[in-house]
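Hi,

Here is the structure I promised to pass on. Have a look first, and then read on for what turned up among its aromatic rings.

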Amino acid sequence: MEQPVETPQPAPRRISQERQRITGLPLYFQGYLSVRHVKSQEFRVYWTELRGTVLFFYDDKKAPTYSQKLDISATNIYPNENDSSQFILTLSNEELEVKAGNCEYGKEWKGFILTVAKLSVPPDELLLPEQLKRMQEVLEKEKKRRIMLDDCSTASLNNESLPSKDDSSTVTAMPACFYAVSRKEAIEMLEKNPSCGNLILRPGSDSKNYSITVRHGLNVPCIKHYRVMYKGTSYIIELERKVTLASLQDVINYFVTQTHGNLKPFVMETCHNALQMAHSSESKTQKSPAEGQRHKEELTGTPLLQLS
């Protein structure tokens, strides 16, 4: 199957938004790629999207769901000396031969992949200034995304997990914003401690699944609850269109990234540390009423973006 060589137009806006919802990752680059696994005989053409540090392969440009995905966070690229449109992606357990529509697209794909994989724009003298500028923009976005995820993940604590359906007792790493509280207690925690965060993970009403309780809005705070179902080795967020993720931490990360950081995991320890710092600074500097109000608004957060 021959790969289209004309300038690829983006996927329709509606399809792109649906892919964004499913993957939960920002789109950095897209276009046609021909892909061949080492053991395969022929190349296969995919509409390919680079989102975060993952390549998503779609059978069709308008397909809302991907057929394959590839984590390229720890990849190396080996160019084809005879054809700059081709290169090999080497991962920990496999190699993938990739071919772009022409040499120019090949350089761009290699550049964007290396930018997010190595967190550095590649020093390629063959890249045009406009291409380098776009890669630099992607680099800044990816750095911010990772900082946001690190802030969420580094607060993780090791707690005992809820019993599974076979009543076996296991110990897993639970997100730091998990609290064994009821819906009413979660609401009270969020209302009384707005500076600690605005998202709590708690046991579901059946004690087998989970729920997310969030409080958002500055002037008129609003409480929302989302069911998270445990299915085998994955977790399903019960939105209008269900989202399936691999872990509870991924569930928390999804809410954070989808709201561009407007939702923040509720962590009491972090809150207390912040309050201690605030109290110590108050003794040195007295805030005016206007400054105090501004500080309160900053801690409370900004309105939530629609998740469903």
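There are twelve aromatic pairs in this structure. Rings of Phe, Tyr and Trp (its six-membered ring) pair if their centres lie within 6.5 Å; planes under 30 degrees apart are called stacked, over 60 edge-to-face, and the rest tilted.

One of the pairs is Tyr46 with Phe57, which is tilted, with 5.4 Å from centre to centre and 55° between the planes. Tyr46 belongs to strand β2 (residues 44-51) and Phe57 to strand β3 (residues 54-58), so this pair ties together parts eleven residues apart in sequence. Strands here are DSSP runs of E, at least two residues long, numbered from the N terminus. Tyr46 and Phe57 are both buried, where buried means under 20% relative accessible area, exposed over 50% and partly exposed in between (1.4 Å probe, protein chains only).

Next, Tyr58 and Tyr66: their ring centres are 6.5 Å apart and their planes stand at 85°, so that pair is edge-to-face. Tyr58 has 1% relative accessibility, so it counts as buried, while Tyr66, at 31%, counts as partly exposed.

Tyr58 also has a charge over its ring: the charged end of Arg19 sits 3.8 Å from the ring centre. For that label, NZ of Lys or CZ of Arg must be within 6 Å of the ring centre and within 35 degrees of the ring normal. Lys99 lies over the face of Phe43 too, 4.5 Å from the ring centre.

Finally, one aromatic cluster is made up of Phe178, Tyr210, Tyr230 and Tyr235.

Before you dig in: this is a predicted model, where local features need pLDDT of at least 70, side-chain atom pairs count only at pLDDT 80 or more, and totals for chains, interfaces and linings use all residues. Residues are numbered from 1 along each chain as its sequence is written, and side-chain values use heavy atoms, leaving out hydrogens and water.

Cheers

Notes
Helices (H or I, at least four residues) and strands (E, at least two) are DSSP runs, numbered from the N terminus.
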